[in-house]
Amino acid sequence: MTDIRGKRILLGLSGGIAAYKAAELTRLLTLAGAEVRVVMTEAACRFITPVTMQALSGNPVHTDLWDASVPNNMAHIELSRGCDVVVVAPASADFLAKLALGLCDDLLSTLCLARECPLLLAPAMNLQMWGNPATQRNLKQLRGDGIAILGPASGDQACGEVGMGRMLEAEEILEEIEACFQPKLLGGKRVLITAGPTFEPIDTVRGIANISSGKMGYAVARAARDAGAAVTLVSGPTAFVAPRGLERIDVSSAQEMYDAVMARVAKADVFIGVAAVADYRPKEARGHKLKKGTGEITLQLQPNPDILGAVAAKRNAPFCVGFAAETENLDTYAEAKRRRKKVPLIAANLAQHAFGADDNQLVLFDDQGRHELPRAPKIALARALIAHIARLLPKK
Ligand code: C5P
């Protein structure tokens, strides 16, 4: 992952039991090639030691506004000037309140006020503290001040209660940090995406599926969201958790996927069909489990609707993008598909490279010709595809 390679990230910890997740976050950030500087409040040091954070970040940890080892004795200016983003995780209720008021009586709050870069806060607190009108008032103020609030999530809490206020997991915060560095190429656009396989029932326990994992579709959905689009993801059965901050509609069969897409397409500016939709379904799905017999049985199949084709044929169709997974003759088949389905852009890949893998290789076909996107992680290819779509979109 190269999204944050070389970025200078200032990670602040205020006091909360979720501080242990900040240790994992530091590890993920440094593994991704970011330069991490850690600042901890006094309360944070009660939950996790600066030694841990120093070992994981590879840099000295700062806790003191009056740190005499900083050459000009202005640690808050020194630290905040040299970074691309400030992330506070965990951000306690007290810390949110301080920032909402512009108070700055310790190093972390002072550098947040003195910073020139974006600020992301990952709140972590008990559910009653989260729901308290004072906290909600402070959050409204902070959002109004242009500060991004990441989460929180709902679930089991360290105090034994269950509800809203759990800090996001380190992986999720990492994704949000990566997102904040993405140009907002699709800001204000609504993007409808299909992903994953479909499942065509034979009887109540069996069906026809395919080996699409949904990884590419989910990466495209994430890249579109990170580019500022409002994303709806219509997903066949996959093992993935949907990227945060988008609408996910779960479907199973191609017909359900078709219905879900058609019900939403009128509002979309862009439609991207990444799903590996089954071309055929059993003519008759039995309402009970078929019993084993001794002889052969015949399964009669009938064609499924072509979702991409139907969307592209609509009056006022959104900008349509198709995927083509081929095992041979990639260029010929992909370009033929583009013309047959009357879509402006097809992203083609070799099925033997694409299905289930983390990396892929794409060739884009549009009116201008062929554009190769060399082998890279699926999220990097998805970001390149979104950038290509943004360039082709009609300018209003
Ligand atoms: O029709 P074919 O499978 O060759 O084309 C693949 C492209 O068409 C993909 O974008 C896929 O999502 C879409 N498709 C569809 N509905 C189908 C079959 C494919 O939307 N029934």
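This is a predicted model: local features need pLDDT of at least 70, side-chain atom pairs count only at pLDDT 80 or more; totals for chains, interfaces and linings use all residues.
Q: Is the crossing of α5 and α8 left-handed or right-handed?
A: The crossing of α5 and α8 is left-handed.

Q: Which residues of α5 and α8 meet?
A: From α5 come Ala93, Leu96, Ala97, Leu99 and Ala100. From α8 come Thr135, Asn138, Leu139, Gln141 and Leu142. Contact here means heavy atoms within 4.5 Å.

Q: What is the make-up by class of the contact of α5 with α8?
A: Seven residues are nonpolar, three are polar and none is charged. Ala and Leu count as nonpolar. The α5 side of the contact includes Ala93 and Leu96.

Q: What makes α1 and α9 oblique to each other?
A: Helix α1 (residues 19–31) and helix α9 (residues 170–180) have axes that come within 9 Å and cross at roughly 50°. The cut-off for roughly parallel is under 35 degrees, and roughly perpendicular starts at 65. α1 and α9 are therefore oblique. Their crossing is right-handed.

Q: Which residues of α1 and α9 meet?
A: Lys21, Glu24, Leu25, Leu28 and Leu29 in α1 meet Ala170, Glu171, Ile173, Leu174 and Ile177 in α9. By class, this contact has seven nonpolar, no polar and three charged residues. Lys and Glu count as charged. Lys21, Glu24 and Glu171 are among the residues that meet.

Q: Why are α1 and α3 called roughly parallel?
A: α1 packs against helix α3 (residues 50–57) at an angle of about 15°, with the axes 9 Å apart. Angles under 35 degrees count as roughly parallel. The two helices are therefore roughly parallel to each other. Their crossing is right-handed.

Q: Which residues of α1 and α3 meet, and what are their classes?
A: Ala22, Ala23, Thr26, Arg27 and Thr30 in α1 meet Thr52, Met53, Leu56 and Ser57 in α3. The contact has four nonpolar, four polar and one charged residues.

Q: Which residues are around the ligand?
A: They are Gly273, Ala275, Val277, Asp279, Pro305, Asp306, Ile307, Leu308, Gly322, Phe323, Lys337 and Lys341.

Q: What distances set Pro305 and Lys341 against the ligand?
A: A polar backbone atom of Pro305 is 2.9 Å from a ligand nitrogen. For Lys341, a side-chain N or O atom is 2.6 Å from a ligand oxygen.

Q: Where are the cis peptide bonds from Ala89 to Pro90 and from Gly151 to Pro152?
A: The Ala89 to Pro90 bond has omega near 5°, and Pro90 lies in strand β3 (residues 85–91). The Gly151 to Pro152 bond has omega near 0°. Pro152 sits in the loop between β5 (148–149) and β6 (153–156).

Q: What is phi of Asn316, and where is Asn316 found?
A: Phi is near 55°, a positive value in a residue other than glycine. Asn316 is in the loop between α12 (307–312) and β16 (319–326).

Note on methods: Residues are numbered from 1 along each chain as its sequence is written. Side-chain values use heavy atoms; hydrogens and water are left out. A crossing is left-handed if the near helix is turned anticlockwise from the far one by less than a right angle, and right-handed if clockwise. Helices (H or I, at least four residues) and strands (E, at least two) are DSSP runs, numbered from the N terminus. A residue is near a molecule or strand if one of its heavy atoms lies within 4 Å of it. A polar contact is a pair of N or O atoms within 3.5 Å; within protein, one must be able to donate a hydrogen and the other to accept it, and residues adjacent in sequence count only if both atoms are side-chain atoms. Axes are lines fitted to C-alpha atoms, for helices over the stretch in contact, and angles run from 0 to 180 degrees between N-to-C directions. Angles under 35 degrees count as roughly parallel, over 145 as roughly antiparallel, 65 to 115 as roughly perpendicular and the rest as oblique.
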